[in-house]
Amino acid sequence: METLGSTSVAGYAPPASTPTSFLPAISTMTSTYRDRFPHSNFTHKLSLPWRPNTYYKVASNMPTLGPYCTRSQRVCESTMPPFISNRTTLFTRYSPDDWYRSNLTNYQESNTSRHNSERLRVDTSRLIQDKYQQTRKTQADSTQNLGERVNDIGFWKSELTHELDEMIGETNALTNIKRRLERALMETEAPLQVARECLFHREKRMGIDLVHDEVETELFKEVDAILCCQERMKLHLDKAIAQLACNRAAHHELEKDLSDKQAALRIDDKCHHLRSTSDGVSYFRGVERVDATVSVPESWAKFTDDNILRSQSERAASAKLRDDIENLLVVTTNEMWNQFNKVNLAFTNRIAETADAKNKIQIHLSKTLQEIFQTEMTIESIKKAVKDKSAFLKVAQTRLDERTRRPNIELCRDVAQLRLVNEVHEVDDTIQTLQQRLREEEDILQSLAHTKATLEHDLVVKANSLYIDQEKCMSMRKSFPNTLRLVGFC
C-alpha cells in the first residue's frame, strides 16, 4: 500500500529475446526496412527474381533441374518455361517450423508489450492524481501566503496614508504662512524701491538740478528702516524654505513608499486571485532562478516605520516655526509707517520750477523740428532731380555705345557724334552740381539734427527731474501698502 503523494516506481525490463539464428530480427524500426532489397546469400547471378534485368540475364543460361528431381519427375528442359515461381519454390529459405516459431515469438512479444503498457498506464494514472493533489496543496499554501502579505501591505498602506494626510495639512499650513511672509516682504519692496528710485534718479540730475535737500535726507532714513524689517523677514523666510524642503523630502518618501505599497498591493492582490483558469497565465522559463529581492520582512517593516517617524518629527518643527513667523509679521507692520509721511512734503516746490524750464525748451525744439522737416523735403527734391538726369545720361551713353559698332568707314565723327559727346558732358556736370548741393543740404541737416539733439538732451534732463519728483516719487508714494497688506493677508 503506497502513501498518497508518493511515486510508485516499477521496473520495466524487456523480455529476453529468443535466439533464432535462422530468422532475421523482426522489428518495426525504420532501420529494418531502410533498404529496398532483402538480404540474400546467393551470388549476384542468382539474385532476387523481382529484378527484371537480372532475371533475363540468368534465364538466358537455361539451367537444368536434373539434380533436384527423380527420373519419373524429370521435366524436359525444352517444355519448361523459365517462370519465376519455379525458381522461388526451389530456393526457399525457411521451413514450416521456422514459420510457426516466428509467429509464436511475435505473439509473445505482443503480449509482453501490452502487459507492460497496461502496468505503466495504471501507475501513470496514480502518479497524475498524486501530483495533482500535491500541486493543489502547494498552490493553496502560496495563495494563503499571498493573502497574508496583502493584509500586511494594506496595514502599512493605511498608516502611510494617514501620516501623508497629516503631513500634507502641515505643509499646506506652513506654505500659507510662508506665502504671507513672502507677500509682506514683497510689499516692503515697493516703498523701498520708491525710496531707492527717488535717490537714484535724483542723483542723475545734471548741473543746477543736483541739489542735496531735505528730501534726500528723509529718503535715506526710510531706506534704512525698510531694510531692517526685510532682514528679519528674510531670516525667517529662509527657515521656512528649509523646513518646507524637509517636509517635502519626508512627503516624497511617504509618497514613494505609498506608491510602492500600492503597486505591491495591486500585484500581490492580482497574484492572490490568480487561478489555473485565469486569463493571462503563461510560461516564464527560468523566472524561479531570478532573485530580485532587496529586503526581508523585518527590514521592510522598519523602512516604513522610519519614514513615519521622520514625518512626525518634521511636522512638530514646522508647527513651531509657524508661530514665530506670525509674531514677526505683527512686529514689523508698524515700523515702516513713521518715516513714510516725512518724505512726501519736500517735492512740491521743486516740481514747479522744473516744469517752467521744460516748457521753454519745448518751444525752441518745435521750431528746430520744423526747419529739419523743410530741409529734408529739399533733399528729397534734389535726389529726385538727380534720378531724372540719370535717365538722360543713360540714353546719351547708350547712343554713343551703339554708334561705336558702325562698320569701317561709317565710323564718322559727324555732328551727331559731337552733339552726343557734349550731351553726356552737360548731363554729367548737371548731376555733379546737384550732388554738391545735396551734400550741402545734408550738412545743414546734420547741423540742425545736432541742435535738435542738444535741445532734446536738455529737455530730457528737465523731464527726468520732473519725472522723478512728480511722476515717480509722488505718484508711487501714493500707493503705500496698508496694514493688512504688510502682514501678508492681501
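**Exercise 1. Describe how helix H3 packs against helix H5 in this predicted model.**

Solution. Helix H3 (residues 96-203) and helix H5 (residues 297-333) pack at an angle of about 20 degrees, and their axes lie 9 Å apart. Because angles under 35 degrees count as roughly parallel, H3 is roughly parallel to H5. The next step is the handedness: the crossing of H3 and H5 is left-handed, a term used if the near helix is turned anticlockwise from the far one by less than a right angle. Sorted by class, the contact of H3 with H5 holds 17 nonpolar, four polar and twelve charged residues.

This is a predicted model, in which local features need pLDDT of at least 70 and side-chain atom pairs count only at pLDDT 80 or more, while totals for chains, interfaces and linings use all residues. Residues are numbered from 1 along each chain as its sequence is written, and side-chain values use heavy atoms, with hydrogens and water left out.

**Exercise 2. Find how Arg-101 and Asp-98 are joined.**

Solution. The side chains of Arg-101 and Asp-98 meet in a salt bridge, at 2.3 Å from N to O, where the rule asks for a side-chain nitrogen of Lys or Arg within 4 Å of a carboxyl oxygen of Asp or Glu. Since Arg-101 and Asp-98 are three residues apart in helix H3, about one helical turn separates them. By this rule the count comes to 17 salt bridges.

**Exercise 3. State the confidence of the protein chain.**

Solution. The mean pLDDT (the predictor's confidence in each residue, from 0 to 100) is 78 for the protein chain, and 81% of its residues reach 70 or more.

Terms used. Axes fitted to C-alpha atoms, helices over the stretch in contact; angles between N-to-C directions. Helix = DSSP H or I, 4+ residues; strand = E, 2+ residues; numbered from the N terminus. Parallel < 35°, antiparallel > 145°, perpendicular 65-115°, else oblique. Nonpolar A, V, L, I, M, F, W, Y, C, P; charged D, E, K, R; others polar.
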